[in-house]
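Biologist: Hi! Could you walk me through this model?
Modeller: Happy to, here it is.

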Amino acid sequence: MNSPMHRALQLARQVIGNTRPNPPVGAVIVRDGQIIGEGVTQPRGGPHAEVVAIREARDLAKNATLFTTLEPCSYHGYTGPCVPIIVQSGISEVHIAAVDPNPRVHGSGIAALKSAGVRVLVGEEKEQALAIMEPHFKWITTGLPFVTAKYAMTMDGKTATATGHSQWISGIESRERTHGMRSGSDAVMVGIGTVLQDDPQLTVRDRDDRPLKTQPLRIVVDTYHRTPDDARILKPPFPTLLAVTRNAQVSGQRAIQPTTQIVEFPIADDRVDLKALLKYLGDQEITSVLVEGGGKLLASFFHQNLVDKVAVFLAPILLGGDVPHTPWDGKGAHRTDDGLRLTDVTVEHIGSDILLTGYPYKESR
């Protein structure tokens, strides 16, 4: 049998993007070397992973061992606390990958289990668990969504040809991975330039190009409300948010789709105030945002240090040309020491492309 905690992590990955605002958690119950119960966090209002696993194990849970990717809760939220149910089930030992940073939990679940006589071990596969739940951890501690900047570029650093043509730089496998990234995000964001240039749908689709039933919120950062009324990103039945400024000419436009919401934000540097936008999204319990471009929007996010993670698809194509269709617009760094470097970088082959992921940080000068 594979490690029970590895199985719990596998279960957690299966529900990434489906548990908002709760974290994606997996739980496994083992007795006499056999898995007798499994569970994942259900959508809001449904039971947590540990409770699902206990219900599956039933009476066999007595004297069994529970493996869970996150500290069990000990307070009443949309559902009752998990700790009393664990204790009542007779489980004698609990392995926890990561302590919950939620101030309402943060060690209290562990303390309650120990006080009830349950043996508790913490930290098994901690790093993997943290990676799965990083959006929730940021949101629960700051009130802001976790921001991932994603783009595709050629080996000579271009995101489009000299004429602006960009479909497709990355291969089909990379595009399938992108749909997986969208599916695992609460919201997907682009700038108005991308809408005017590419007219994207920005939906999650399967291999047959059919949209899935569950979709992330589509967001257009559209300072002066220039999104055409017939843009594909506005088409029902999936929701879209147009982030405009108070200077935009919102009134007098044709009736918008019922699935489209227009929200006004303060203006900063002649653009939508991105910090205000992220604060608004966090208040709406959006825990993760995938920013897909274009160059001006990505540059604003990077320049304001609002990016938590970077995902770059590097395609084996050379385009050349004098027109700098690059991932970021703007003046750029003056010296290499001023550039934004990444830490914890991973490299993965996706078809003929390479996917680079990492976390931005600034070296101390």
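Modeller: One term before we start: buried means under 20% relative accessible area, exposed over 50% and partly exposed in between, with a 1.4 Å probe and protein chains only. Helices (H or I, at least four residues) and strands (E, at least two) are DSSP runs, numbered from the N terminus. This is a predicted model, so local features need pLDDT of at least 70 and side-chain atom pairs pLDDT 80 or more, while totals for chains, interfaces and linings use all residues. Residues are numbered from 1 along each chain as its sequence is written, and side-chain values use heavy atoms, leaving out hydrogens and water.

Biologist: Good. How many residues of helix α10 are buried?
Modeller: Seven of the nine in α10 (residues 295–303), so that helix is mostly covered. Among them are Leu297, Leu298, Phe301 and Phe302.

Biologist: And what follows α10?
Modeller: Asn305, with a positive phi near 55 degrees.

Biologist: Switching topic: which residues touch the most other members in the largest nonpolar core?
Modeller: A nonpolar core is a set of buried Ala, Val, Leu, Ile, Met, Phe, Trp, Tyr and Cys residues joined through side-chain atoms within 4.5 Å. The largest has 37 residues, and Ile29, Leu66, Ile86, Ile91, Val94, Leu113 and Met133 touch the most other members. Helix α1 (residues 4–14) gives the largest share of this core, five residues.

Biologist: What does Ile91 contact?
Modeller: Leaving aside neighbours within four places in sequence, the contacts of Ile91 (heavy atoms within 4.5 Å) include Ile29, Ile54, Leu66, Ile86 and Val118. There is also a second, separate core of 29 residues, which includes Phe302 and Val310.

Biologist: How many aromatic pairs are there?
Modeller: One. The rule takes rings of Phe, Tyr and Trp (its six-membered ring) with centres within 6.5 Å; planes under 30 degrees apart are stacked, over 60 edge-to-face and the rest tilted. Phe265 and Tyr280 are edge-to-face, 5.5 Å centre to centre with 80 degrees between the planes. Phe265 is in strand β10 (residues 260–265) and Tyr280 in helix α9 (residues 274–283), so the pair ties together parts 15 residues apart in sequence.

Biologist: Are those two buried or exposed?
Modeller: Phe265 is buried, at 4% relative accessible area, and Tyr280 is buried at 18%.

Biologist: Last one: what classes of residue line the second largest pocket?
Modeller: There are 17 nonpolar, 14 polar and nine charged residues. Here Ala, Val, Leu, Ile, Met, Phe, Trp, Tyr, Cys and Pro count as nonpolar, Asp, Glu, Lys and Arg as charged, and the others, Gly among them, as polar.
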